[in-house]
Amino acid sequence: VWLGCHPSVTHEFCDSIAMVTPISGFLRRLPLAWLVLATFPDSFPDRVVTSASAKKIGGPVRLAGPKKENKWRYLSKFGYDIGTGSFDFRFQLSAPKSIPEPAVIQLEVYLDEQWAEVESEPVMCDRQRYAKQVRNISIGPGANWTDWSTGTLSQSVRPHIWYFVVSDCRHTLANFTHRLKFEFHAKQANGSEFSVEMKGMLLANALFLGSFIVLMHWFIKRTLAFAKSAGYVHPVIWTLASGMITQFIAQVMHTIHLLAYKYDGDGLKACEVLSEILFMLAQVIQTSLLILIALGYTLLQSKIGELDLMIPMCFMIGVIHIMLVGFGKIKDDASYKYHENEGVIGWILLVLRLGLYGWFLWAVQSSAREGGFKIANFLQQFRIAGSLYFLAFPGIFLVTQLFAPYLQHFVMTIGQMFMQTGFNLWLSSLFLTRGEYFKVSTLSASDLPGGCKVGVVKEE
């Protein structure tokens with residue numbers, strides 16, 4: 001019923017599905033079928049699926065007045081692939097609601113190759129000489145929206161990111177701060193509303209989600225087998241499961257946001273923000289688990305005991321990460337931001353990750369001194385694997401800076417996907433197979449007299 005009512009799907013297409021698919025099978029496969037439809041629209045006729053008209057961005061901007069920075073204000077950016085893309089802008093007076101007579105402001109368009117020079121120019125109004133396009137837009141005297149200012153931008157050698165600015169360097173507005181609203185629509189030559197740095201991201205996220213479902217299926221099967229064999233599920237497995245479930249929910253929400261973005265050019269902002277918060281929380285859970293084991297949990301003691309101090313510390317680390325996500329979203333469309341961890345937020349995350357890595361190394365070394373030969377041998381391997389995880393984000397973050405701006409989002413996102421997949425596979429294998437960790441940890445403890453059930457009976 002939902003598919004039939006969706007405006008981008010024709011009745012003929014629904015009828016064709018009904019003819020070839022039994023009702024029960026159709027209902028079971030509907031979410032997957034729709035995901036495939038949305039991810040690969042080019043595989044279907046134009047009358048079946050329609051995309052959004054353009055990327056949509058809007059917001060307030062302050063212009064004119066005594067402050068020199070209000071003479072020239074950055075609005076947004078968009079990465080165009082090879083070909084001729086289009087853009088549309090319009091403005092509206094917000095405060096004051098009217099002005100004595102119409103004013104003419106300028107919409108300026110800058111190429112990424114000159115953007116560094118543009119920002120380094122100290123005199124705001126002298127920056128216009130770098131603009132590739134300058135458009136006059138008449139605004140006022142009332143608070144009605146201006147007519148759409150439509151333009152095209154072409155690139156033939158490689159993709160480029162274009163920056164859009166509004167200015168009042170001709171001083172046509174009175175000398176006090178005016179608040180305007182603007183709307184910006186952008187579209188690629190092929191009709192896509194995704195900026196070039198987002199090219200392929202929907203497909204990548206859909207594939208990653210599919211692989212995550214396979215991993216979760218394997219994880220659940222192995223966990224049930226472990227529970228059947230041991231008679232319980234160990235707390236470290238529950239902790240790993242909570243981190244993976246959190247990450248899975250985040251991935252689902254992010255994929256939903258991208259699907260919505262593809263069809264309306266705006267997406268679901270709540271899903272986007274929540275997915276980033278959940279991604280951060282999943283990483284906090286996983287790093288906390290590594291540090292907890294490095295401190296000796298399951299290796300030197302079966303209960304958390306004095307390690308319960310880790311809980312409030314991990315909570316504080318989680319709160320800091322959530323705050324960083326929030327601050328990052330405030331500058332989501334900043335001129336310097338090409339991926340989610342760009343700028344100061346990324347460097348703070350890098351320092352935090354290195355600080356946690358230092359704590360991890362100290363914990364491993366302390367536990368190795370207290371444990372026997374077998375524990376020390378395992379911790380040596382554990383330190384190597386843990387180091388790869390802790391240093392993965394700093395490495396990906398630094399390597400990303402070497403790429404052109406329009407490639408940075410792809411490199412950062414794919415790198416983190418591989419990082420998380422590898423880490424989940426490693427920890428799942430570590431906890432759910434009878435390997436070296438199982439042999440030296442209290443996971444192998446029995447319920448027989450003299451043994452201990454981990455986290456319940458014995459405390460050392």
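A disulfide joins Cys125 to Cys169, with an S to S distance of 2.2 Å. The model is a predicted one, and the count of disulfides in it comes to one.

**Disulfide link**

- The link of Cys125 and Cys169 is left-handed, with -95° about the S-S bond.
- Cys125 sits in the loop between α4 (112–120) and β5 (133–139), while Cys169 sits in the loop between β7 (160–167) and β8 (178–187), so the pair ties together parts that are 44 residues apart in sequence.

**Cysteine accessibility**

- Cys125 has a relative accessible area of 29% and is therefore partly exposed.
- Its disulfide partner, Cys169, counts as buried because its relative accessibility is 17%, where buried means under 20%.
- Cys271 is also buried, at a relative accessible area of 16%.

**Packing of α7 and α10**

- Helix α7 spans residues 269–294 and helix α10 spans residues 373–400; their axes come within 11 Å and cross at roughly 155°.
- This crossing angle makes α7 roughly antiparallel to α10, since angles over 145 degrees count as such.
- The crossing in which α7 passes α10 is left-handed.
- On the α7 side, the contact is made by Gln283, Gln286, Thr287, Leu290, Ile291, Ile293 and Ala294; on the α10 side, Phe382, Gly386, Tyr389 and Phe390 contribute.
- By class, the contact of α7 with α10 comprises seven nonpolar and four polar residues, with no charged residues.

Technical notes: Residues numbered from 1 in each chain as written. Predicted model: local features only at pLDDT ≥ 70, side-chain atom pairs only at ≥ 80, totals over all residues. Heavy atoms only, no water. Axes fitted to C-alpha atoms, helices over the stretch in contact; angles between N-to-C directions. Helix = DSSP H or I, 4+ residues; strand = E, 2+ residues; numbered from the N terminus. Parallel < 35°, antiparallel > 145°, perpendicular 65-115°, else oblique. Left-handed = near helix turned anticlockwise from the far one by under 90°. Contact = heavy atoms within 4.5 Å. Nonpolar A, V, L, I, M, F, W, Y, C, P; charged D, E, K, R; others polar. Disulfide = S-S within 2.5 Å. Buried < 20%, exposed > 50% of the residue type's maximum accessible area, 1.4 Å probe, protein only.
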